Amino acid sequence: MTAELVLVADALVRATPLIIAGLAVAWAFRGGVFNIGAEGQLLVGAVAATAVTLLAGNSLGRLTLIPALAAGIIAGAAWAWIAAELKRRFHVLEIISTIMLNFIAIHLVSFLVRGPLQEPTHIYPQTLTFTSSARLPVIIPGTRLHLGFALAIVIAVASSWIFRKTALGFRIRATGASPEAAHTAGLINVERTSMFVFLASGALAGLAGAIEVNGVTFALYENLSPGYGYTAIAVALIAGLNPVGVVFSGIFFGALETGAAALQREFAIPSSLASVVEAALIIAAITVAAIRGRHTLVQSARR
Amino acid sequence: MSETPLALNDITRRFANTVALDSVSLAIHKGKITALLGENGAGKTTLMRIAFGMLQPDSGSISVDDRTVRFTSPADAIAAGIGMVHQQFSLIPAMTVAENVALTGRGQYSLVATKQRLSEIAGKTGLRLNPDAYVAELGSADRQKLEILRTLAHRARVLILDEPTAVLTARDTVELFAQLKSFAHEGGAVVLITHKLADAIEHADEVTVLRRGRSVLTAPMGTVDEPMLIEAMLGAAPPRPTLTAASNDLSRVVASLDHANISLEVRSGEIVGVAALDNAATPILRMLSRRRKVSGSAAMLPAKVGFVPENRRDEALIEDFNLTENVALAGAGSRSGTIDWTGVNDQAEEIISRYHVVASGPSASPASLSGGNQQRFVLGRELIDDPDLIVLENPTQGLDVNAEAFVHSQLRQARDRGAGVIFYSSDLDELIAVSDRVIVVTADGVQSVIPDKNEIGQALLGTRDS
């Protein structure tokens, strides 16, 4: 096994949560829901998957993965549901509530790994390490690349198909583009569509967290996510909210982050340089989006 | 100083595809209160925004004291002695009266000087407010007073008020007009934008009526009476041939609605015209078209309803979508599974050719279409599957003559094939010309009226409009 292949595989491993969380953001933004809470949803997904995996122990063998990932999906959706319900009932802006829920999720993880879920010796702030049967299978032997990456590709292609071909995807796009027209011209239940988008977005982010613990870390601990949920926003925006594009921008960011670690090791170039590049890209992406937005503003002002 | 502190000459202003003002002229005279009357959307506010420098005219000129000027911003207008009080107030609640007055001034802030100026104005016009009171504590009448004070503090000679009595009680209204009169008496000029006939008749010295962007009447108030103003506001019907008695026979009821104090039926083969002021008919039309829940009332509505909303840009079309996608939008709420895009594309092409939409093709953006073509497209989309009921809100607003005639012919065709058509229009001429019968919707309910402009006007504006 060549070292290059291992490095490429590492980049793809790093890209996996970025792609799935990036899809979560793309779903939300396409549907007009500004879910900034992928980070929190990802973390509670990781918590739920960890709890189920530890609870199952060796009893289910490989099958443990199914309830573990399902638990991640449900937990992520439930976390997003809180923001959705706050918006539906009290018109709380989801931009605020989802960010706040991120902090709650971060501290929930801290609490759990020092409390109920801490490993039995109570020395390290983390859970027990998962047994090998509860780990996602590796798809390229000799590397760390696990099934989660393939799953990410499948979800991206499926999302793209849903948006382009299905009535559901069209309703989501219409609601995101113009809730008034969606309601008046399309007789679309905008409230229900928004709720669905919230839940779908949260579910995807939760799945990203579950895949991360069952595919990479094999345990829950603090700082499990180096801000995947936030980077995911940039991943989605740079891809223009196109699900297939998210795969490429996710791989790009994954490569950037793993490459930076290698640069630091080999050439003593600070890995924080990657963060600088990332941040510059995010600013560029937001600027492009703003110019586009202003463009449409100018158009509407002319009307 | 001239007798005409502000004059607007041949002002034309377009918004993309609609003509908001069509060479409108208006002269404001010193010492007079001029009422600018017109229905919603007639162009009153647009005209005054041009006078206040918020909008630029496409053609025409503004003169102050008989000298032609150019206002590039409200600051220019304020410097020329023009003040405007908008419908939405622009005050800072956390600041005091004096601070709010000083806020829009220039140079150094001096509380003493501001207070002095305020008491000066109070002496002249009777407009008096405690300069140290916080705006948050003021009621809406006092807030309006403050808005006026603020313009006068900047030495406005022409005061433009946009629907000033909308937020006032009857007593406050009387007080407001007393103050406006003393301001005029002191040599100022007032422009009163309103659609309340009673206010205008009682208090204005001169009147100009706008209808659909055109000035249709300018006269001293003493020389006109209420029926003349109603006619000018809502449209004078030229003599028309008697209506083709459409279907007073036993045609079936396609839709009926019993809601609160409203009860109405639409039958197949008839066009019902709805006259109403200030979107009073919107709830009914939205319920008939299934766009609003019919709560606690009995309704019989057909499964297929075509609906053309007044605001087609925001409500009928999605500009980020192409025409094909906008065709798919109709009925998107009840569709399931996958979308047959080839079929929808064919349908879009059919709409484009059958309804003579000038567009580059089904993949064109609706934003690239003119207003008339957008409306042809929307109408076509709503009509193409032969709905039993068609509901329309001001379907010809902002359209040119050809597009208007096209819309009318389509409505007649739909009626003739047996659909029920109900449409609201702010133009009485149109209602009378197109409808088989006319109903008037007011806060008191629905009443049937013979299609005659005076009857309709009376029912709309008569005694009910305070």
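This is a predicted model: local features need pLDDT of at least 70, side-chain atom pairs count only at pLDDT 80 or more; totals for chains, interfaces and linings use all residues.
I started in chain A, where helices α5(A) and α6(A) come out roughly perpendicular to each other.

Residues are numbered from 1 along each chain as its sequence is written, and chains are lettered from A and ligands numbered from 1 in the order in which they are written.

**Entry: the helix pair in chain A**

I looked up the numbers behind that pair. The axes of α5 (residues 147–165) and α6 (residues 167–177) of chain A come within 5 Å and cross at roughly 75°. Axes here are lines fitted to C-alpha atoms, for helices over the stretch in contact, with angles from 0 to 180 degrees between N-to-C directions. Helices (H or I, at least four residues) and strands (E, at least two) are DSSP runs, numbered from the N terminus.

Which residues make the contact of α5(A) with α6(A)? From α5(A) I noted A:I162, A:F163, A:R164 and A:K165, and from α6(A) A:L168, A:G169 and A:R173. Contact means C-beta atoms, placed from the backbone, within 7 Å. By class I get 3 nonpolar, 1 polar and 3 charged residues. Classes: Ala, Val, Leu, Ile, Met, Phe, Trp, Tyr, Cys and Pro are nonpolar, Asp, Glu, Lys and Arg charged, and the others, Gly among them, polar.

**Entry: A:V13**

Next I clicked on A:V13, which sits in helix α1 (residues 3–30) of chain A. Is A:V13 buried or exposed? Buried, with 21 other C-beta atoms within 10 Å. The cut-offs: buried is 20 or more other C-beta atoms within 10 Å, exposed is 12 or fewer, and partly exposed is in between, with C-beta atoms placed from the backbone.

Skipping neighbours within four places in sequence, I find A:V13 in contact with A:R144, A:L145, A:H146, A:F149 and A:V216.

**Entry: where the chains meet**

The interchain contact draws 26 residues from chain B and 19 residues from chain A. On the chain B side, α10 (312–316) and α11 (323–329) each supply at least two residues. The largest share, 4 residues, comes from α10(B). By class, I count 13 nonpolar, 6 polar and 7 charged residues on that side of chain B.

**Entry: chain B overall**

Chain B comes to 16 helices and 19 strands. Its radius of gyration is 25 Å, close to the 23 Å of the globule rule for 466 residues, so chain B is as compact as a globular protein of that length. For the record, the radius is taken over C-alpha atoms, and the rule is 2.2 Å times the number of residues to the power 0.38. Along the principal axes, the C-alpha atoms fill a box of roughly 75 × 45 × 45 Å. Buried residues make up 48% of chain B.

**Entry: strand β8 of chain B**

I wanted to know how enclosed β8(B) (residues 189–194) is. Here 6 of the 6 residues are buried, so the strand is largely enclosed by the rest of the structure. B:A189, B:V191 and B:I193 point one way, and B:V190, B:L192 and B:T194 the other way.

Strand β3 (residues 33–37) pairs with β8(B) in the parallel sense over 5 bridges; pairing needs at least two bridges found by DSSP. B:A35 stands opposite B:L192. Strand β7 (residues 158–162) also runs parallel to β8(B), joined by 5 bridges, and B:L161 has B:L192 as its bridge partner.

**Entry: two open sheets in chain B**

In one sheet, 4 strands run in the order β2-β1-β4-β5, with antiparallel pairing. β2 (18–28) and β5 (67–69) are the edge strands, each with a single partner, so one side of each has no neighbour in the sheet. The twist averages 30° from one strand to the next. Helix α1(B) (residues 44–51) lies across β1 (6–15), β2 and β4, at about 120° to β1(B).

In another sheet, 6 strands go β15-β16-β17-β13-β18-β19, with mixed pairing. β15 (305–308) and β19 (445–449) stand at the edges, and the twist averages 20° from one strand to the next. Helix α13(B) (residues 371–383) lies across β15 and β16 (389–393), running at about 170° to β15(B).

How values were computed
Two residues are in contact if their C-beta atoms, placed from the backbone, lie within 7 Å. Angles under 35 degrees count as roughly parallel, over 145 as roughly antiparallel, 65 to 115 as roughly perpendicular and the rest as oblique.
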